[in-house]
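Have the structure open while you read.

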Amino acid sequence: MKLYQIVEIAGNDNHAGTKATSDIAWIAENIGFKPVSIRMRSTALSKAAKLQRQVGYLKDWHQACRTIEKDSVVLLQHPFHYPQLTREGALRKLKEQRHVRYICLVHDVEKLRGFRYNAYYEHEFLTMLDLADVLIVHNDRMADYFIKQGVDGSRIIKLGIFDYLQKDDGGRMPVFAREIIVAGNLETVKCGYIGQLGRLAPLKVRLYGPNYDEKMGAYDNICYGGNLPSDEVPSKLGRGFGLVWDGSSIEGCLGDAGQYLRYNNPHKLSLYLSSGLPVVIWNGAAEADFVRGNGLGLTAASLPELIDRMARLTEEEYLEYVRNISSVREQLIHGCYGRTALQKALELVRR
């Protein structure tokens, strides 16, 4: 049985998606899923460029249909973010005429995330449910959501947490500090809680990422470390706790973005843990169970409660979190969670 994976490529990049999608592609290739490339040849918005893109997609999908052999297994990563007029037809042709079976790995469910949900993503989601022979979803809560959508629970594999591939430096020992780090998009309109972090004084907050609001500099407890390339960020995560939070308020993960944490595996959690850093996560998040169960940090209903909790935190308690993270980190940086999920999916799809 031949194994393939559809890999979207944009420009000169190796993958058109995020680090999460490129990491999955790398893990899949290393266990035998041969990449079949669908390339975005232009990102321009002119009518001519859009036409060029669709012609390019048509050629690539025709080549994909010629390449993928009968009775193969094909890995798809969802959602597909770039509209392609020929994609659905090609995937259905492979399923109906070549008897291909699909493993669909879910990165996001836009209906649950809310703010980007539209007719395109609704159709993409329903098409995935129709095509998938096996689904890999984030965790128990997301699995329950899919079961409520009519998916047979026996077709669902749970990832647990996203891997975060990086070079093994032997594991840095984080420095005990009663402070938190936020690494990622710092836009206060999208992530309203970030604009309120100054209220956590005297608790120190270190920020790394794009869209920093200079007004935040007025708060004595805020320290901005700059917008760094993604491969340099882990080197800055060497003290305190990484914060896994989202939404409009420091009082709880409110709004669509915040409530999405009830279902998803935040890639930010993987970034912090793969860097050896303990975390603080909202206690209503799906991954709060993973953090509690493995002793990887603190869970909190609101961020203001951290002021007192951090003040009472001992160095020994902190170092216990660090020790617990060690084995999880090893698995994350070497792709063990994704590899295990894909291997389980293969066992299911071969039955």
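Predicted model: local features only at pLDDT ≥ 70, side-chain atom pairs only at ≥ 80, totals over all residues.

1. Now the helix itself. α12 covers residues 315-333, and at 1.5 Å a residue its 19 residues should span 27 Å; the end C-alpha atoms sit 26 Å apart, which agrees. There is a bend of about 35 degrees at Ser326, though.

2. What does α12 pack against? Its buried residues include Tyr318, Tyr321, Val322 and Ile325, with Val328, Arg329, Leu332 and Ile333 also on the list. These buried residues pack against strands β7 (175-183), β10 (239-244) and β12 (297-300), and against helices α9 (267-274), α10 (288-294) and α13 (336-349).

3. On to the sheet: it is open, has six strands with parallel pairing, and reads β9-β8-β7-β10-β11-β12. β9 (222-224) and β12 are the edge strands, each with a single partner, so one side of each has no neighbour in the sheet. From one strand to the next, the twist averages 30 degrees.

4. One to find is Ala183, whose bridge partner in β8 is Tyr208.

5. Two helices to check against the sheet: α9 lies across β7, β10 and β11 (279-282), at about 150 degrees to β7. Helix α11 (residues 305-312) packs on the sheet too, touching β7, β10, β11 and β12, and its direction makes about 150 degrees with that of β12.

Methods:
Residues numbered from 1 in each chain as written. Heavy atoms only, no water. Helix = DSSP H or I, 4+ residues; strand = E, 2+ residues; numbered from the N terminus. Expected span 1.5 Å × (residues − 1). Bend = angle between axes of the 7 residues up to and from the residue. Buried < 20%, exposed > 50% of the residue type's maximum accessible area, 1.4 Å probe, protein only. Contact = heavy atoms within 4.5 Å. Pairing = 2+ DSSP bridges. Axes fitted to C-alpha atoms, helices over the stretch in contact; angles between N-to-C directions.
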